[in-house]
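Here are my notes for your review. Please read them beside the coordinates.

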Amino acid sequence: MGYIILIDMVNGLFLMQDFALPISQGIKFILLLLFLVRLSPTGDFTFAILLIVFFQLSPVAGLIRNGDFSAYFGDVVFAAKWINVPLSYLYFKCLFQSAYADTIQSSIKRMVGRNFIFLCVNMALGALGLGMSFYFHGYANAVGTKGFIYAGNELTILVLSLHFIIGSYWYYKQEYRKYLGLFLVFLAISFLITSKTVLIGVLVVGAIPIIASLRQRIHKKWINRISALVLFGTPIFLALIYLGVTRSGVIDKIQYSLERNNFDLLTVVLSNRNRFVAEGWDVFSRDFSWFGQLFGFGQHHHLYLSGHSAEVDFFTILFASGLLGLLFLLILLLFWLLNAQKLMKTSGYVLAKNTWLFLLFLILVANLAGHIFGSGIAGIFIGLSIALMHFKPVSHG
């Protein structure tokens, strides 16, 4: 898993040459199978199997209704993305609760560290003009860079998940200089991507460990340090924000979006998703039978009728997997929130509060930006982020 981002970069390199190979999908499929093998001796294995079967109901329903095998295989891949996060969560939860947690936690740290390095290399290559700009092959008004990762909005949540994982750990270890340096690195990455979500998200995720520790006693020396940091750091920070926004192309992107959408501010803020949801809902409520509204007919059937994905997680899963799919996601999120709250009150689970706050943030983003809980590229890291509620420090850290 330490080379997932590198594999995605190689995958993007092939895509740039119009030579599509399912390298990334194949590796992730193998990883999911290995996750199942690891979970097989545990009580979570049955739930994992039920999870997989449940999300394959709508592709089967779509195949029976339309008889289109090509659309069916596409729906199978799409439905599999919804199991990435919960299956990854179960896997990392199992590792954190293992009798070998000491050794395993060191391995997880190395895995995350390698992927962070590959992400930085990818963005550096993009900053040098290599790779893909904004969307695949770009367009005349494209700004920002993704290097060689062909991921769209999924790159945003990949960045935020890695930021949360590393930042929460370093803040817990009181490595405040590393924590601040990490924040500046991810802030620079957000300027390169020029996504509204990642720009705001880096600020929010960076604040989560601080907010989570507010109930702890603040010593006088820390009051002095914080005062000095605010006094001297704020002008520098504001200058960095100004330079980043003006030089990275964010303003150009916003201006282009305003002109393209007749200066409709809501549409610009939501990147047209309000229109996609409205159009998708019309199709879902008008053209779907009660069976389709309950179970769904897969992603392709709805796309064929509406012309565009909702790109908002709760509505995307509703249109593809029906009311039962949406209900399943809501129950899963509620389960995670309640577990994090329980562990917050249990001694030893030092990152449970961080996870609870990050989950609230993910839910908010999933209703504004999408590609979160149905993410392919970032799914493993989102699962690890949520599983951090089960993290308990080992003797040497």
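1. Ile208 is buried, at 4% relative accessible area. Buried means under 20%, exposed over 50%, and partly exposed in between (1.4 Å probe, protein chains only). This is a predicted model: local features need pLDDT of at least 70, side-chain atom pairs count only at pLDDT 80 or more, and totals for chains, interfaces and linings use all residues. Residues are numbered from 1 along each chain as its sequence is written, and side-chain values use heavy atoms, with hydrogens and water left out.

2. Ile208 sits in helix H9 (residues 196-212). Helices are DSSP runs of H or I, at least four residues, numbered from the N terminus. Leaving aside residues up to four places away in sequence, Ile208 touches Phe164, Asn354, Leu357 and Phe358. Contact means heavy atoms within 4.5 Å. Thr355 is 147 residues from Ile208 in sequence, yet their C-alpha atoms are 8.9 Å apart.

3. A nonpolar surface patch is formed by Ile27, Phe29, Ile30, Leu33 and Leu34, with about 460 Å² of accessible area together. Patch members have over 30% relative accessible area and no salt bridge; nonpolar side chains (Val, Leu, Ile, Met, Phe, Trp, Tyr) are joined within 5 Å, like charges within 9 Å. A salt bridge puts a side-chain nitrogen of Lys or Arg within 4 Å of a carboxyl oxygen of Asp or Glu. Areas come from the Shrake-Rupley method with a 1.4 Å probe. Leu33 belongs to helix H2 (residues 23-39). Leu33 is partly exposed, at 42%.

4. Lys109, Arg110, Arg114 and Lys173 make up a surface patch of positive charge. Charges are placed at NZ of Lys and CZ of Arg. Arg114 lies in helix H6 (residues 101-127) and is partly exposed, at 35%.

How values were computed:
Lys and Arg count as positive and Asp and Glu as negative; His and the chain ends are not counted. Helices (H or I, at least four residues) and strands (E, at least two) are DSSP runs, numbered from the N terminus.
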